[in-house]
Amino acid sequence: MTPTRAPVVEEGALEPKASHLHLVAADHGVASRAAARLRPGLWFLFMDVCLGLIAYGLALTIRGEVVGATDSVLLNPSWSTAVPLAITFLVFSVLGLYERELLALRALHVLTLAKAMLWAAALSGLAIYLLHLPIGVQSRFTVVVTFAMFFVFGVIMRTFVLSRVLGRRFRRDMNQTLVIGWPYRTEPLRERLTMLKGFNRVVLVDGGREPRVDECVVEHLRRRTDDGRPVYGSVFIDAGSLTQTQTMDLVDIGQRHGAIVYVVSNRLRALAGRRLLIDLFEAPVVRMRRPSHGRGRALHKRAFDIVGAAGALVLLSPVILVLAVAIKVSSRGPVFYSQERVGLGGRTFRFYKFRSMRDGVDASAHYAYMQALINGQAETRTQLVEGEEEEVFKLVDDPRITTVGRYLRRYSLDEIPQLWNVLIGDMSLVGPRPPLAYEVAAYRPWHRRRLDVKPGVTGVWQVDGRSKVSFDDMVFQDILYESTRDIFVDASLCLRTVPAALLGRGAG
């Protein structure tokens, strides 16, 4: 199907920008109606639980027939079966097997299922061996047959039966797809969408030709079918065709109108906790999740922070001791450095680091550079990393830094004490870097949106680019992190921070 082009909206044809946001808020019923959409993930999970138990029961029966057991084997299942089953469902979730987009392409569904089953079998085997679980000791045959039958049943029931049953409702919910961006940039994505069920009715809004693209998008998203459903169920925003503020405004507009919003940007690739969408759309696509202010999500993130920070402090305690001694004997001054930083909602807190500078040095050089960086006037500096020159947005060869401090900063070891900030609740493991007060004073209005997110030890900036991206790009990543984060995104960013820090790329 050939994508159609949205009509060009003439200047003045729509209401002013200040009023279109009011119209968005007035359409709150649309967003609530979106909550009634099909949730295929729940159906897939229910199906997997049933299939897993059936596969295990049949495996026990087959084993009883093979070994000639006289007892009723089905009445004596092992409790340890719960461990590999739990691992399997966790792997399925990590690889995206409970995401609604699976209904768009059967081939990817089967491939992802096969990949997930192999990972689940390998991790389950490792757990059985390390924990000496009874199920492995009693019968490896049962384990192998269970996974084999689970995969066969899964392919049949998921991709042929359940997908066929849910597919019609999915396509009805998605209806048409709105793509926003320059035609030449979005052409590959639009061609791919026309091949996917639920996304193949594509309409383009030219981000270059529309004088007021946000108002044009509002006009499209307010359209309804004869039965009151939104005409557009999904919106794809090409961030490379728009400014950062336009992209963020369009994300808000799409979510408030109940559409599923996707952003296409290499700068957000680190937010793809699962590769499913990248493989499906063959582009760096990230789905924006609707804001959630429920206590459940906050409790999950806080639990993740406490467990992660406490575990990291225990594991790194020998490293902390060695670094403390090295800092103390190499230069005068305290081991730790603390200062006031701005956190969630503009609240200040005491921020801790290993001291990497000479004690009592002047901060005017950093102040001047940050002012230029925030205003977009800073020039990149050349830094030598592993024999290669890199262009970074950072002070290079700062004379205030000690010899030990250079290594601390290069490999981000000076950040370790911030794990204490995580434990006491001032920071999170993942989030924007906490700014200084004079940095916040220089923020443009849209920059202040990053203060709506609790600051973190690591984040998108540390994993994807570090000092190699501009300040505006860094803030853009931080703000959209709030719209995409879940436990798997946080875990992915934490794991990817380790090699990024050890390689020292983009660090000071």
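**Helix packing around α10: worked exercises**

The axes of α10 and helix α19 (residues 471-484) cross at roughly 10° and come within 10 Å of each other; the model used throughout is a predicted one.

**Exercise 1.** Decide how α10 and α19 are oriented to each other, and state which residues of the two helices meet.

*Solution.* Begin with the crossing angle, which is roughly 10°. Angles under 35 degrees count as roughly parallel, and α10 and α19 are therefore roughly parallel to each other. Turning to the residues, Gln244, Thr247, Met248 and Gln255 of α10 meet Asp472, Asp473, Phe476, Ile479, Leu480 and Ser483 of α19.

**Exercise 2.** Describe how helix α9 (residues 213-221) packs with helix α10 (residues 244-256).

*Solution.* The axes of α9 and α10 lie 10 Å apart, and the angle of packing is about 15°. The two helices, α9 and α10, are therefore roughly parallel to each other, and α9 passes α10 in a right-handed crossing. On the α9 side the contact is made by Val213, Asp214, Val217, Val218 and Leu221, while α10 contributes Gln246, Leu250, Ile253 and Gly254. The residues of the contact of α9 with α10 divide into 6 nonpolar, 2 polar and 1 charged.

Key: Residues numbered from 1 in each chain as written. Predicted model: local features only at pLDDT ≥ 70, side-chain atom pairs only at ≥ 80, totals over all residues. Heavy atoms only, no water. Axes fitted to C-alpha atoms, helices over the stretch in contact; angles between N-to-C directions. Helix = DSSP H or I, 4+ residues; strand = E, 2+ residues; numbered from the N terminus. Parallel < 35°, antiparallel > 145°, perpendicular 65-115°, else oblique. Left-handed = near helix turned anticlockwise from the far one by under 90°. Contact = heavy atoms within 4.5 Å. Nonpolar A, V, L, I, M, F, W, Y, C, P; charged D, E, K, R; others polar.
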